[in-house]
Amino acid sequence: MITVSAPGKLMLMGEHAVVYGYPCIVTAVSERLTVAMEETNSGKIVVEAPQVKNTRFVDQAIIEGCKAWGIQHTGLLLQTKSNFSNCYGFGSSSAVTVATLFALVRLFEKNVDKKELFEIAYKTVLAIQGVGSGFDVAAAIYGETLLYGNAGQIMNPLPWKLEDDGVTLVVGYSGMKADTPVLVKEVAQKREKEPEKVNRIFEAIGKLVLQAREQGDAHDWHAFGKFMNFNQEYLRDLGVSTEKLEAMIFAANKAGAYGAKLSGAGGGDCIIALVPKEKQESVENAIIKAGGSVVPVATSVAGVEITNEKEDNEMLIVVNDKDEVVSYRSRFDCHHDASLRHRIVAVILFDDKHRVLLQKRSFTKAKHPGLWAVTASGHVSKGEKYEEAAARELKEEMGVTVPLTFVKTYIEKPDEESEMVAAYTGLTSEEIHPNAEEVSEALFVTKDELLRSMLSGKIQLTPCAYQALQEIQFL
Ligand code: MEV
């Protein structure tokens, strides 16, 4: 069996114009789609893809990949797993296409480079979707941040690391799902009706992208933000913005963003705001006040890659008493040596009645099966920040994304281990979607209800959950 994962994407600048050959800037984001594939003797192709809206991209990718690389198989089993919701427009279709094709290449040991992978993946997406510039396919393959254009003739990596420059990208979801092919077709119709006007807009967007790229290269994010705002004006003229997106963009800029715009096809989905780190919280709050929800993502992440080797060797972060990094060690080592204090996160959500959300650990768990734990928890991996791990674990275990507040770090010592825990709290009004593999039940309880259930034996907390609830002064 082979397991690979591909990232989603966010368009930073240049949407719509890129469909007509102009350049755009795209970044790969930390939401990933995983494909596990194995050859079977069933003579059939079985696709289990519960997170993918339809399996047409997977089916077509298998057809195109087998044809292009002369693959003959005796049956295939393919399963997908995803840590992103396709409603955010992060590009789940291109990610699943790329991951499926890359899994085929690696499982059948074909000698295919990224350029060729791009060609077949782009062909697959066009066969299903009919339209598209291919920028999302490029992001899923190459990762990082790219200057992309001309149906893949231009694909230049931009070595930008926003976090290193003290800026961050805040993503706000409008709550409205957009249909990219429909919007692309609407813009095409507009172009037929008013060719001069629309071509002028595309040309201007193309120029803005190149000017913004220079500012990015010079680390002048203030100037980059201004170009984002100009880009938004052109998107508004194209007719793809909405009142809700405008309200969120206005709020983000007013709260201190360097610039903000819609990202993607428009008509809904997301806005992005480029924000100096110190303004992040106020911009996030402003977006929420304007009716959006904030989606935490990291940018410039790796492109498609094999993950099963990585899972086995996944490195955890070993720290000293002051939470300074001293080394990276395997999961196995950390779980069997109490001197290797490693980073973990504990996420505790409340509802508006101050009831805490607990989860009953699934009975398939090796440790503490059937006991009750905090809302979500897990390890922080090498290269990951506490807040990223907290958002990821919450999404993986409870299927929700809400703004989280850091409370404190503390040390816990379960069994043969020693852990540095960062506790985060958050408020949820969203429906939760517990992951049945990890969680057998989820429950909101008041402090009194919890104490009563603990006394009667109805709820048995894990020692770590008990400590976490004490550390945040709930118990
Ligand atoms: C959609 O995310 C971006 C568009 O430019 C379409 C495309 O480039 O394929 C509108």
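Reader: What makes the crossing of α2 and α4 right-handed or left-handed in this model?

Author: The model is predicted. In it, α2 passes α4 in a right-handed crossing. A crossing is called right-handed if the near helix is turned clockwise from the far one by less than a right angle.

Reader: Which residues of α2 and α4 meet?

Author: Ser94, Ala95 and Val98 in α2 meet Asp136, Val137, Ala140 and Ile141 in α4. Contact here means heavy atoms within 4.5 Å. By class, this contact has 5 nonpolar, 1 polar and 1 charged residues.

Reader: How many residues in the contact of α2 with α3 are charged?

Author: On the α2 side the contact is made by Ser94, Thr97, Val98, Leu101 and Phe102, and on the α3 side by Leu117, Ile120, Ala121, Thr124 and Val125. The count is 7 nonpolar, 3 polar and no charged residues.

Reader: At what angle do α1 and α2 pack, and how far apart are their axes?

Author: The angle is about 35 degrees, and the axes are 9 Å apart. The crossing of α1 with α2 is right-handed. Phe57, Val58, Ala61, Ile62, Gly65, Cys66 and Trp69 of α1 meet residues of α2 that include Ser93, Val96, Leu104 and Val105. The contact has 10 nonpolar, 4 polar and no charged residues.

Reader: What lines the second largest pocket?

Author: Its lining has 35 residues, and Lys9, Gln129, Asp136, Thr180 and Pro181 lie nearest its centre. Elements giving two or more residues to this lining include α2, α3, α4 (135-142), β1 (2-13) and α5 (180-193). About 620 Å³ of space lies in the second largest pocket.

Reader: How does the lining of the second largest pocket divide into nonpolar, polar and charged residues?

Author: The lining has 13 nonpolar, 14 polar and 8 charged residues.

Conventions: Residues are numbered from 1 along each chain as its sequence is written. This is a predicted model: local features need pLDDT of at least 70, side-chain atom pairs count only at pLDDT 80 or more; totals for chains, interfaces and linings use all residues. Side-chain values use heavy atoms; hydrogens and water are left out. Helices (H or I, at least four residues) and strands (E, at least two) are DSSP runs, numbered from the N terminus. Ala, Val, Leu, Ile, Met, Phe, Trp, Tyr, Cys and Pro count as nonpolar, Asp, Glu, Lys and Arg as charged, and the others, Gly among them, as polar. On a 1 Å grid over the protein atoms alone, a cavity is a set of points where a 1.4 Å probe fits but cannot get out, and a pocket is an open set with protein on both sides within 12 Å along at least five of seven lines; lining residues have an atom within 4 Å of a point. Grid points are joined across faces, edges and corners, and a volume is the space filled by probe spheres set on the points. Axes are lines fitted to C-alpha atoms, for helices over the stretch in contact, and angles run from 0 to 180 degrees between N-to-C directions.
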